[in-house]
Amino acid sequence: MAAKGLKNFQLSITKDCEEEDEDEEINGRRMNGASSPQPIDLEKIKQNSDGSITGMFTSGFNEVVINNPYFAAGGGLMLLGTALALGRQGVVKGSGLIYRQLLVDLEIPSKDKSYLWFLEWMSQYKHRSSRHLSVETNYIQHDNGAVSTKFSLVPGPGKHLIRYQGAFMLVNRERSGRLLDMTSGTPFETVTLTTLYRDRHLFNDLLSEAKKLALKAREGKTVIYTSWGPEWRPFGQPRKKRVIGSVILDKGISDTIVDDVKDFLISGDWYHKRGIPYRRGYLLYGPPGSGKTSFIQALAGELDYNICILNLSEANLTDDRLNHLMNHIPERSILLLEDIDAAFNKREQSEDKGYTSGVTFSGLLNALDGVASAEECITFMTTNHPEKLDPALLRPGRVDFKVLIDNATEYQVREMFLRFYEGEEELSNEFMKQFKKLQLSNVSTAQLQGLFVYNKREPQQAIDMIATLRNPNNVF
Ligand SMILES: Nc1ncnc2c1ncn2[C@@H]1O[C@H](COP(=O)(O)OP(=O)(O)OP(=O)(O)O)[C@@H](O)[C@H]1O
Ligand SMILES: [Mg+2]
């Protein structure tokens, strides 16, 4: 029974095949198995052609390619594939064209000043959607010395969307591979802003806003720069400006220096017309704690300038680096060379001991001479030992203005007293009486400050403790 059933099944298959063959014959086509390719019917080609070679070729082509189901199917697929590829290319090119026509990019590399401004701005901007954040920690030092820490979440590497003045902007923060900024040890980065072409003017608004925000944070502050490799970098947070009146120098000294610097700053044309390098060097010398550094900081605040501090005794500071740094001072900055004698003491010592010295004396002289900037250059130098300085350094052009900032004179003592204890005229007279009675000399203004800070609210107690000024190293 089972065998019979199987036979019937085979038969029905055969029959089905035969029926299919018939159908195909009717359609004028033969679909044979892959194992038996259809022979080319030369007779048919001859019949269909008009006898000419072209006719024969066309007819042959029709017979071989068009009427052939394999070619028809393969060709179809090929055409479909080509069309898809072309379509895809078209979409890519089209979107590139649309991108170029409709969108506009702004690239901000990490070397540019506005890079940090932008990140700071964005960390405070409300209308943004960021999923990648980086932390940036800021210390804020309050007037009473307390430090509070603020973490701001700045947009991390990746894509962020912001809405600025109604326009959408795509922000892409990218790290450039493994390339490192050797001066800071951080990877080079770029931030790319993309927006619609018609909104391109918003870039300017955005950058100005970011700049304003950054500068507002620095308003009333002095930025201190130090050398970092071949570059100047801000050192710590900008400091609060020191009021120039808070540094009490002997009568008239402060005004003389301030007037001289201000006069220099408005004499650019005068210098240029006469072909004189537009620079001026100041040397403040005197005992420790007499207010040299404090005065320069207050002066920078008064002029709204920043300070670039260079330590000449730094071991890895070479002549080349010194020259480079002095020729690339950030604008509106005072160059401050502290303890200028120390660099040369070290040089002598190191030569004796066989160490390699950093800056050479002639290197410093050349650097001071060679500052070839169109901008003004104000150099302040300080020393406790002017006698150790080489006359070559002190010649005009290198040092144009020398001032002794000495220990406190009677004028300074009284002024300091009254600055700490406002309106206490009578007590100041008493203090001066004691000061003279004890024949105190060689008291530095820093010592006076120490005594008055210790007795912040008790002027009488400061008078009672006046004898402590005898000891310059007294610790309260
Ligand atoms: N003339 C002054 N008026 C007000 N404060 C002063 C004066 N001199 C010194 N001080 C105070 O003393 C401290 C030390 O001053 P500063 O560092 O300016 O001295 P300096 O002359 O630079 O000393 P050094 O030669 O050791 O570098 C500061 O806190 C400053 O406020
Ligand atoms: Mg100093």
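**Exercise 1.** Describe how helix 10 (residues 319-327) packs against helix 12 (residues 361-370).

*Solution.* Step 1: the two helices meet at an angle of about 20 degrees, and their axes are 9 Å apart. Axes are lines fitted to C-alpha atoms, for helices over the stretch in contact, and angles run from 0 to 180 degrees between N-to-C directions. Helices (H or I, at least four residues) and strands (E, at least two) are DSSP runs numbered from the N terminus.

Step 1: helix 10 is therefore roughly parallel to helix 12, a label for angles under 35 degrees.

Step 2: helix 10 contributes Asp319, Leu322, Asn323 and Met326 to the contact, and helix 12 contributes Gly363, Leu364, Asn366, Ala367 and Gly370. Residues are in contact if their C-beta atoms, placed from the backbone, lie within 7 Å.

The model is predicted; local features need pLDDT of at least 70, side-chain atom pairs count only at pLDDT 80 or more, and totals for chains, interfaces and linings use all residues. Residues are numbered from 1 along each chain as its sequence is written, while chains are lettered from A and ligands numbered from 1 in the order in which they are written.

**Exercise 2.** Locate Gln237 and decide whether it is buried, partly exposed or exposed.

*Solution.* Step 1: Gln237 sits in the loop between strand 10 (231-234) and strand 11 (239-240).

Step 1: Gln237 has 15 other C-beta atoms within 10 Å, so it is partly exposed. Buried requires 20 or more such atoms, exposed 12 or fewer, and partly exposed lies in between.

How values were computed:
Parallel < 35°, antiparallel > 145°, perpendicular 65-115°, else oblique. Contact = placed C-beta atoms within 7 Å.
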